[in-house]
Amino acid sequence: MASNSRNPENVIEKSKTKLAPPPLYKVILINDDFTPMDFVVKILRHFFFMDEEMATRIMLQVHTEGAGVCGTYPGDIAATKVQQVNEFSKQNQHPLMCVMEKE
């Protein structure tokens with residue numbers, strides 16, 4: 001007996017599942033009255049790979065506006081950057097805080 005390719009048992013339905021992009025989070029530095037400006041620039045260059053000009057621009061935004069966005073990332077990357085910056089600030093005895101906020 002020949003196999004019937006139209007047999008419903010042999011049919012695999014194609015699912016039309018659309019994958020949504022992961023939610024993005026802004027990584028934000030919060031100003032304080034104690035952390036030196038050059039330390040903020042160092043953080044922006046080291047953890048966010050900014051050049052001197054961009055790091056200085058963001059540092060001045062943090063200083064004058066109270067906060068500045070360092071970048072936008074998927075949740076796990078944003079959380080890692082926040083943890084790294086906060087730990088580095090603490091190790092260097094600075095109160096600089098980094099937070100993440102859903103975009």
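Predicted model: local features only at pLDDT ≥ 70, side-chain atom pairs only at ≥ 80, totals over all residues.
Local features need pLDDT of at least 70 and side-chain atom pairs count only at pLDDT 80 or more, while totals for chains, interfaces and linings use all residues. Residues are numbered from 1 along each chain as its sequence is written, and side-chain values use heavy atoms, with hydrogens and water left out.

**Exercise 1.** Work out what pattern the protein follows along the sequence.

*Solution.* Start with the parts: three helices and three strands, taken as DSSP runs (H or I, at least four residues; E, at least two) numbered from the N terminus. Now read along the sequence, and you get β-α-α-β-α-β.

**Exercise 2.** Check what α1 should span at 1.5 Å a residue.

*Solution.* The rule is 1.5 Å times one less than the number of residues. Just after α1, F49 takes a positive phi of about 55°.

**Exercise 3.** Find which residues of α1 are buried and what they pack against.

*Solution.* Buried means under 20% relative accessible area (1.4 Å probe, protein chains only). That picks out F39, V40, V41, I43, L44, F47 and F48. Next, look for contacts (heavy atoms within 4.5 Å): these buried residues pack against β1 (24-30), α2 (52-65), β2 (67-74) and α3. Finally, zoom in on α3: F39, K42, I43, F47 and F48 in α1 meet K81, Q84, V85, F88 and S89 there.

Conventions. Buried < 20%, exposed > 50% of the residue type's maximum accessible area, 1.4 Å probe, protein only.
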